[in-house]
Amino acid sequence: RIAYVNGQYVPYAQAGVHVEDRGFQFADGVYEVVAVKDGGFVDLEGHLVRLERSLDELRIDRPMSRAALSVVLAETVRRNRVRNGSVYLQITRGAARREFPFPDGVAPTFVAIARHLDWAKGAANAARGVAAITHPDIRWGRCDIKTVGLLPAALAKQAAKESGAYEAWLVDDQGFVTEGSSSNAWIVTKDNVLVTRKPTHEILSGITRSAVLELAKREGLKVEFRPFTVAEAQAAKEAFVSSATSFVIPVVTLDGKPIGNGGPGVVVARLRSLYEAHAATHSTD
Ligand code: PLP
């Protein structure tokens, strides 16, 4: 395996950053995960646009142009012979003597890693449906920025794992679901209306979420942008998560309570198949 680290492609075992990297000390960095399907990136442009927004919000310098960044990602994928998988990229403010304010004249750290992923497993999850649990949303006030400060997400995902669930749906102080620990959360009402939160500071505006919204619109499905409670989700007809590596996966139980008939529903199945087709057309070698 080969990783990209600050301008060089290095063997995985030797790939590292400085001990005083601000990503390591302050979670002062951002990241993206882009799916690789049949040799092509899925929604690459959207991920790169969001990456630049995250960097700008934190005033971290862009290490290179969007085009140059795409080349690095493609080369990282190519050198690892990944045709189906994902590429992870992380950009931090850089390495400097540990002081809280931003350092002067320090170049950002940029790393990229590619990995294989078996899409058949995702398809099997989609066919079966998955379990989700609820977990308090203890994250900070700028969840719209895709930072590497993922400890609350890791704690929530660990709780899900210990319950045998696929995902943890995070719940705010008022009892509303914000999103999944690493996915956006949706429900489908009895009238086949999609419900998902507005992309405010409380959630990450998912690239998959945006693509699904576009596909749903073309399909003539109604969408309501509003928070929903745990009880409303449990009483919904269908529910699902969306993310770059999950695509669209039906959630069939929430805290052990069946949603709808407790199996995958037709609306989510349709959205997944539309997204799969979209992912295939956006695959370019
Ligand atoms: N919400 C959170 C908190 C996430 O971490 C992610 C992805 O990792 C998503 C939503 C889904 O975003 P995307 O569809 O861009 O992968």
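## Salt bridges, a surface patch and a ligand site

The side chains of R66 and E45 meet in a salt bridge, 2.9 Å from N to O (a salt bridge is a side-chain nitrogen of Lys or Arg within 4 Å of a carboxyl oxygen of Asp or Glu). This pair links distant parts of the chain, with R66 in helix α3 (residues 66–79) and E45 in helix α2, 21 residues apart. This is a predicted model, in which local features need pLDDT of at least 70 and side-chain atom pairs count only at pLDDT 80 or more, while totals for chains, interfaces and linings use all residues. Residues are numbered from 1 along each chain as its sequence is written, and side-chain values use heavy atoms, with hydrogens and water left out.

**Salt bridges**

- By this rule the count comes to 24 salt bridges.
- R50 and E32 form a salt bridge through their side chains, at 2.7 Å from N to O.
- R50 lies in helix α2 (residues 44–58) and E32 in strand β3 (residues 29–37), so this pair ties together parts that are 18 residues apart in sequence (helices are DSSP runs of H or I with at least four residues, strands runs of E with at least two, numbered from the N terminus).
- Both R50 and E32 are buried (buried means under 20% relative accessible area, exposed over 50%, and partly exposed in between, with a 1.4 Å probe and protein chains only).
- R66, at 30% relative accessibility, counts as partly exposed.
- A network of salt bridges links E45, E52, D56, R62 and R66.

**Around the ligand**

- The ligand has 18 residues around it, and R50, E179, I207, T208 and A244 come nearest (near means that a heavy atom of the residue lies within 4 Å).
- By class, this shell has four nonpolar, 10 polar and four charged residues (Ala, Val, Leu, Ile, Met, Phe, Trp, Tyr, Cys and Pro count as nonpolar, Asp, Glu, Lys and Arg as charged, and the others, Gly among them, as polar).
- An N or O atom in the side chain of T208 is 2.6 Å from an oxygen atom of the ligand.
- A polar side-chain atom of K146 lies 3.0 Å from a ligand oxygen atom, and a polar backbone atom of A244 is 2.9 Å from a ligand oxygen atom.
- The protein covers 92% of the 390 Å² of accessible area that the ligand has on its own (areas come from the Shrake-Rupley method with a 1.4 Å probe).

**One more exposed residue**

- L151 lies in helix α5 (residues 151–162) and is exposed, with a relative accessible area of 60%.
- I138, L151 and L155 make a nonpolar surface patch of about 320 Å² (patch residues have over 30% relative accessible area and no salt bridge, with like charges joined within 9 Å and nonpolar side chains, namely Val, Leu, Ile, Met, Phe, Trp and Tyr, within 5 Å).

Definitions and conventions:
A polar contact is a pair of N or O atoms within 3.5 Å; within protein, one must be able to donate a hydrogen and the other to accept it, and residues adjacent in sequence count only if both atoms are side-chain atoms.
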